[in-house]
Amino acid sequence: MTERVRFWETVYHLITKEGMRLVQINEDEDVVWIEDDRKEPYQIIRISRKDYDWSNQLRGDIERVKKSSENVRKRLNLRQANVVNLILSNQFPVDDYRPLLSEPLPFTAGGKKQFRTIMLVTSEIEQQFFPLATEWKLNETPNYMPKWQIEQEEAEDEWIRYLQIQVKQSTKERQRKDQELFLFGKPTFTSLLIGLILAVFLYIETVANTQSPLTLIEFGAKFDPLILEGEWWRFFSAMFLHIGLLHLMMNSLALFYLGGAVERIFGTKRFIFIYFLAGFIGSVSSFVFNDNISAGASGAIFGCFGALLYFGLVHKRLFFRTIGMSLIVILAINLVFGFVVPMVDNGAHIGGLVGGFAGAVITGLPKHKEKFFRKTGLFVTAVAAAALLWIGYDQDIDPNQLSSIYLQVGSEWIEREEPEKASSYFNDVAAMEEEISPELYVNALFMQAYADVQMERYSEAERLFREVIELNPEFHEAYYNLALVLHEQGDSDEASVYIDRAVELAPENTNYQELQEEIQ
């Protein structure tokens, strides 16, 4: 049997029998690069067939291979992988070559970023590299191959061509199976979700303003006080609301790419479960860790990150060879952005991320049997969700945070000329006098007095404006509005005193000056 036959049998064995991955092949020069990704530490193996007369020839080749291996490492995103330069030769150099070589065994040595050159003569392959069953392979030859002895030159050429074809077909089959992992389903539900989110946004914009806290509360945003009163459905309805056009476009774009990828990998049914579980866990986490009004599909979208990370855990090398690093970088940027920008609901993002990973564990990947992990994941997720809900429903909402929201919502009712509805919010803030800051309490009194003016309850408004001035003598708006009320009731003398004080505190305000001239 010739040396070239043994070389291609070696390549055939590694690719088709050992399950290694073909990286690069040069049939004319008998040079093949192979990736051994079966277990860590990963190996990059370069197999070549060449004879050397002198050690300096071997040394020059080793240096060239070492430089090439760095490019292969980068291309495969395996910068820490070991490289094995395996040379199959008919004879060793005549001078001292041993210092240039490494020990052939163990072949898969530990460590990282090692470079080793192993040189074997064809007669040593079976004993020092792996057992080759040539006779068994001969029994598996295709029908078109003649059944004469392998030593005949014509049969050797046919055998080599057969081995090369099998190596290429095995590589294509593995690539096909890898592609199938990313194409199990079609992103039909992702498209439906995006369409539904856009429809909700457009409808709300036609009747109100999506950046209005009052509008968001009315249409189902996550709002802790109402959830505590029993409106649990807000955990889900908040996923379909977005705060302004920029928020909508960013989430829609992220859902298109991330949601589409998850639905293709996991299939539609699994994706639906993952998406809504992640959205629910994200909303509950926001309920626990964030007192602000919250809306958006961000928690569910971060759940798509979590599902893809689970895919990366199961198919580590394929993940990092394709979407892995880009996905991790984008995720890291979003998480850092969430910690840096106060208005971003990072509780929902992190909760959604964990929820999406948990959902992927529970559903599992298509055609994967992981029953133990799926049941364990379901139990752990249920316990964690129950714990979060218990903490959330047992929480004490920050009265200052709540008061700020109530004042904002009440102000919007004033703008809509519905002072009766606004009054209930201002009264709720005033009722928390001992728990909130003096500034918030004074603002609540002022806004309630303003609502009383709209409801023509002038005596009550006058009383509240006077109380505001007493609590904060620098509150020029209170002086102005009290002057208006007094002037409306015919007490121009006292009104003049208060409008003069308002002008003194804010001389640049033309409205104050006009009222001052009117009263005088």
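## Strands β3 and β4

In this predicted model, Ile47 stands opposite Leu86 in β4. The two strands concerned, β3 and β4, run parallel and are joined by seven bridges. Strand β3 is itself mostly covered, with six of its seven residues buried.

Leu86 also has a bridge partner in β5, namely Ile118. Strand β4, which comprises residues 82-89, runs parallel to β5, and seven bridges join the two.

## The sheet as a whole

These strands belong to an open sheet of five strands, whose order is β1-β2-β3-β4-β5 and whose pairing is mixed. The edges are taken by β1 (21-26) and β5 (115-121), each of which has a single partner strand, so that one side of each is left without a neighbour in the sheet. From one strand to the next, the twist averages 15°. Helix α1, formed by residues 3-17, packs on this sheet and touches β1, β2 (31-36), β3 (43-49) and β4, while its direction makes about 160° with that of β3.

In general terms, the strands of a sheet pair through backbone hydrogen bonds, and they do so either in parallel or in antiparallel fashion. Here the antiparallel sense is found between β1 and β2, which are joined by five bridges, and again between β2 and β3, which pair over six bridges.

## Helices α10 and α12

Two packed helices are described by the angle between their axes and by the distance between the axes. For helix α10 (residues 244-266) and α12, the angle is about 30° and the axes are 9 Å apart. The crossing of α10 and α12 is left-handed. On the side of α10, the contact is made by His247, Asn251, Ala254, Leu255, Leu258, Gly259, Ala261, Val262, Ile265 and Phe266, and on the side of α12 by Ser298, Ile301, Cys304, Phe305, Ala307, Leu308, Tyr310 and Phe311. By class, this contact of α10 with α12 has 14 nonpolar residues and four polar ones, with no charged residues.

The geometry of helix α12 (residues 298-314) can be checked against its length: at 1.5 Å a residue, its 17 residues should span 24 Å, and its end C-alpha atoms are 25 Å apart, which agrees. Helix α12 is also mostly covered, since 14 of its 17 residues are buried, that is, under 20% relative accessible area.

Gln164 is found in helix α5, residues 153-182. With a relative accessible area of 9%, Gln164 is buried. Apart from its neighbours within four places in sequence, Gln164 is in contact with Arg4, Trp8 and Glu27.

Tyr406 lies in helix α17 (residues 399-415), and at 11% relative accessibility it counts as buried. With neighbours within four places in sequence left aside, the contacts of Tyr406 are Phe223, Pro225, Tyr425, Asp428 and Val429. The C-alpha atom of Tyr406 is separated by 80 Å from that of Leu58, the two residues being 348 apart along the chain. Leu440, in helix α19 (residues 438-454), counts as buried at 13% relative accessibility. Under the same exclusion of neighbours within four places in sequence, Leu440 is in contact with Asn400, Ser403, Ser404, Leu407 and Val429. Between the C-alpha atoms of Leu440 and Ile362, which are 78 residues apart along the chain, the separation is 47 Å.

How values were computed
Residues are numbered from 1 along each chain as its sequence is written. This is a predicted model: local features need pLDDT of at least 70, side-chain atom pairs count only at pLDDT 80 or more; totals for chains, interfaces and linings use all residues. Side-chain values use heavy atoms; hydrogens and water are left out. Two strands pair if DSSP finds at least two bridges between them. Helices (H or I, at least four residues) and strands (E, at least two) are DSSP runs, numbered from the N terminus. Axes are lines fitted to C-alpha atoms, for helices over the stretch in contact, and angles run from 0 to 180 degrees between N-to-C directions. Contact means heavy atoms within 4.5 Å. The expected span of a helix is 1.5 Å times one less than its number of residues. Buried means under 20% relative accessible area, exposed over 50%, partly exposed in between (1.4 Å probe, protein chains only). A crossing is left-handed if the near helix is turned anticlockwise from the far one by less than a right angle, and right-handed if clockwise. Ala, Val, Leu, Ile, Met, Phe, Trp, Tyr, Cys and Pro count as nonpolar, Asp, Glu, Lys and Arg as charged, and the others, Gly among them, as polar.
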